[in-house]
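Q: I'm new to this structure and would like to learn how to read it. Could you walk me through it feature by feature?

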Amino acid sequence: MGGGSRVGGGGEVSVAAEGELFGAVDALLGRVDQGDLPSPVERRRLREAAGLTQGDVAGALGTRRETVASWEGGKNEPRPPQRAAYARLLEGLAVRFPAPEAGPDSEPDVPETSTTAPAPVTPSVPAVAKPPARPVASSTTRPGSGLRRQAAKKATAAAVAAVDPRFANGPLAVVDCEDGQVSAYCVGGLVLDVPAKSLPALVDWTITEARLGQPRLHRNGRDADPVLVLTPTALERYGLPAALSDEERRAGRLADSHKVVKQIKKAELQLTQRGFGPWARVFRDPEGSRRRCVQLCIPSWNALDVREWDSKDDPQLPTMHPADLARYLGTYAQLVMTPRGTASTTGLELMTALRPPTRAERNEATGEFERAFNADALTAVYEHVECEVPDEHPLLKGRFERHHLRTPDQMLMEEPYDWCRPLTDDECMRPYLVVIDVNMAFAAAANGLTVGLGGPTHLKNRPAFDPKVPGSWLVDLSHVDLSRVQVGGRTVDAGRLPSPFTPRGDRPTGPAWYATPTVAYAVELGFEVAPVEAYVRLQSGRYLDPWYQRLRDAYVTVMAELGVTTSMTDAEFLEAMARSTHVDPVMALLVKAIKATAKGGIGKLRQRSRGQVPYYEPWPALARETWRPDIRAAVLANVRVGMHRKLMKTAAAADLYPVAIGTDAIAYPSNGPSPLDALPYTPEGKPAAGTFRLGVSPGMVKHQGTQTVLWAEQQFEEAGGVFNLTNLIKNDPAAGEGE
């Protein structure tokens, strides 16, 4: 079994560049040649006349056998970059095997069907069938079934990987051992024989033969290292424990004295400073410009945290078949990126992958390429600002008592809503509480948001507020009286709405630090603002736009796979959402992972110390260019004020007010159990302008759950007072807290 020749130095760069050019040309051909394919029946005839199987065609085009079957059955049409190549294949076959003249009694061909899905075959790495003693999967979650419907308009990384021979077998593989035979389950149902007898040999096989990895997401970025997911049987085969000991778990790694760690050192392989933990990186020194690194993911060591990757109440990963696990993580890699650790870590890494800090630039004087910084990226670690950092930051050493609680005029407190109020007598007469929640609220708030890219500039002596400049502003907003604000010519009841300026919904009582979106909203409402001082970032840009777009496309694509599309009516959407969790368990988990990537990525911008160092001592995250608490604050401020804007318009349109808000979930009193009964619509049946809209896209809302008002009153009585019950009202108990 061969893995293809090794390409290093300039050869690697030329192959990648050639792949990008071919992909661009194929995309153009696909746009202009929409009538270049014969009928589905003729496609099948040509293939059979040449003695080719659907698997042969799929392997040549870098797609799945089921996809080719759908082309020949007329269910789907090929799309770029495969379309132009498929047209060329059919054209060549038509020359060699011209169609016979149709007789009067000829019957149309019937598209071939099959109850099994053979793995696609690549020219240089053959697929290896598994022994019959262990069936691959049931028909509902068969390995390699992949995505069956296309919802996103943009091509995903899978299309790029299909034309890059270096990564012909996908971004990752799940390594499993059965009856002494080690196999690597790849994306698309491909299964490879693994000859490696030791872990160092497994790493070297992956580097030299496996053809795993993922092309860079940006031309100035770097290709993703291959990931090997080790099952418990693979751990046993390679001498690793099925679980870490208590001491190893506290350290987050195997002891240096472990025999496998010694094997790695003896083979002159290296580990990163984190050592051999749940997400271990094993590498050799680069060969020219070619990285030689493999990342190991060990689920039984809690590499795939149940809070991000699995269902907490009904864990599926421990018993998931290796083929389904490869499908799950491989689809995530193709739609988002190759996992780099936790979903939160991957969300942060995705920002850098889409906005690389540096690029190669030719020095005109010497003719040599040198490193240059990109203006639209985070490129340096700048000084931190006291009001923006968490309590344990070194900047605060000696400034306050150890357990001092900083006040709003000492600390930037931009967080999502956690607010509730008692029901009015009129609201108690309505039978239901309907909870809606915002799809991917953190990602949606990042879309189009201008954030700081450079270091802070301190403005003193009452600077003028500029809504176009990102930063932190010390300003008094206690004078903002929402009872005087009119929306659409109608005054809303401010007493039944939270303040947009504080997470708890309380009206400010004096000067406080706010991010630019919060102060800009006060100006939008018609109030004057007079900052006392500010820390602004004069170098700015829409840094998070490609990050949002990548996650949006991934989310919409997977939801389409689950039967929920952007073209549905509100009623159809609610029905499809109710069915979606039962359509495909693997894809349902993928939705959760994408949400965790979005939410966790924003959270990582202000990653706090996890006890690695003493209080007031620098922790590792502070050394990252992406440790930017000001960007996190701007996103969360945008979440809150964007929600308040819609709350105001909903109140003005239908005299409808929330009774509780938890992060991105809003509870409304309702006469019926459905959001259709609660949300305002025009006489024509359209959502009222500016209000919450049902739909699958980020920023739109879905139904989280419904309970009776009587149930809520019982909860309040048992608790001895009103509390935020949005997270208790869920149709799906496995749903996480916020997104």
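A: Helices (H or I, at least four residues) and strands (E, at least two) are DSSP runs, numbered from the N terminus. With that in hand, A372 lies in strand β9, residues 369–373. Residues are numbered from 1 along each chain as its sequence is written. This is a predicted model, where local features need pLDDT of at least 70 and side-chain atom pairs count only at pLDDT 80 or more, while totals for chains, interfaces and linings use all residues, and side-chain values use heavy atoms, with hydrogens and water left out.

Q: Is A372 buried or exposed?

A: Buried means under 20% relative accessible area, exposed over 50%, and partly exposed in between (1.4 Å probe, protein chains only). A372 has a relative accessible area of 11%, so it is buried.

Q: Which residues is A372 in contact with, leaving aside its neighbours within four places in sequence?

A: Contact means heavy atoms within 4.5 Å. By that rule, A372 touches P357, T358, R359 and E361. As for A360, it sits 12 residues from A372 along the chain, and their C-alpha atoms are separated by 6.1 Å.

Q: How many helices and strands are there in the chain?

A: The chain has 22 helices and 22 strands. Of its 739 residues, 50% count as buried. Take the contacts with a separation of 6 or more: residues 24 or more positions apart account for 73% of them. Accessible areas come from the Shrake-Rupley method with a 1.4 Å probe, and for residues, only the protein chains shown count as cover. The chain exposes about 33,800 Å², and carbon and sulfur atoms supply 51% of that area.

Q: How do I read two packed helices?

A: Two packed helices are described by the angle between their axes and the distance between the axes. Axes are lines fitted to C-alpha atoms, for helices over the stretch in contact, and angles run from 0 to 180 degrees between N-to-C directions. Here, helix α2 (residues 40–49) packs on helix α4 (residues 65–73) at about 125°, with the axes 6 Å apart. Angles under 35 degrees count as roughly parallel, over 145 as roughly antiparallel, 65 to 115 as roughly perpendicular and the rest as oblique. α2 and α4 are therefore oblique to each other.

Q: Which residues make the contact between α2 and α4?

A: α2 brings P40, V41, R43, R44 and R47, and α4 brings W71, E72 and G73.

Q: Which residues of α2 are buried, and what do they pack against?

A: E42, R43, R44, R45, L46 and R47 are buried in α2. The buried residues of this helix pack against α3 (54–61), α4 and α5 (82–96). Just after α2, G51 takes a positive phi of about 75°.

Q: Now for sheets. In what order do the strands of the 5-strand sheet come?

A: Two strands pair if DSSP finds at least two bridges between them. In this open sheet the order is β10-β20-β21-β11-β22, with antiparallel pairing. β10 (417–420) and β22 (701–708) are at the edges with a single partner strand each, so one side of each has no neighbour in the sheet. On average, neighbouring strands are turned by 20° against each other, direction ignored.

Q: What joins β20 to its partners?

A: β10 and β20 pair antiparallel over 4 bridges, with W419 opposite I661 of β20. I661 also stands opposite I666 in β21. β20 (residues 660–663) and the antiparallel β21 (residues 665–670) are joined by 3 bridges, and these two strands form a hairpin with 1 residue between them. Helix α20 (residues 629–654) lies across β10, β11 (432–438), β20 and β21, running at about 15° to β21.

Q: What is the pairing in the sheet of 7 strands?

A: Its pairing is mixed, and the open sheet runs β3-β2-β1-β4-β7-β6-β5. The edge strands β3 (191–193) and β5 (270–271) each pair on one side only. Within this sheet, 6 bridges link β1 (residues 172–178) with the antiparallel β2 (residues 181–186), and V174 has Y185 in β2 as its bridge partner. Helix α12 (residues 322–335) lies across β1, β2 and β4, at about 170° to β1.
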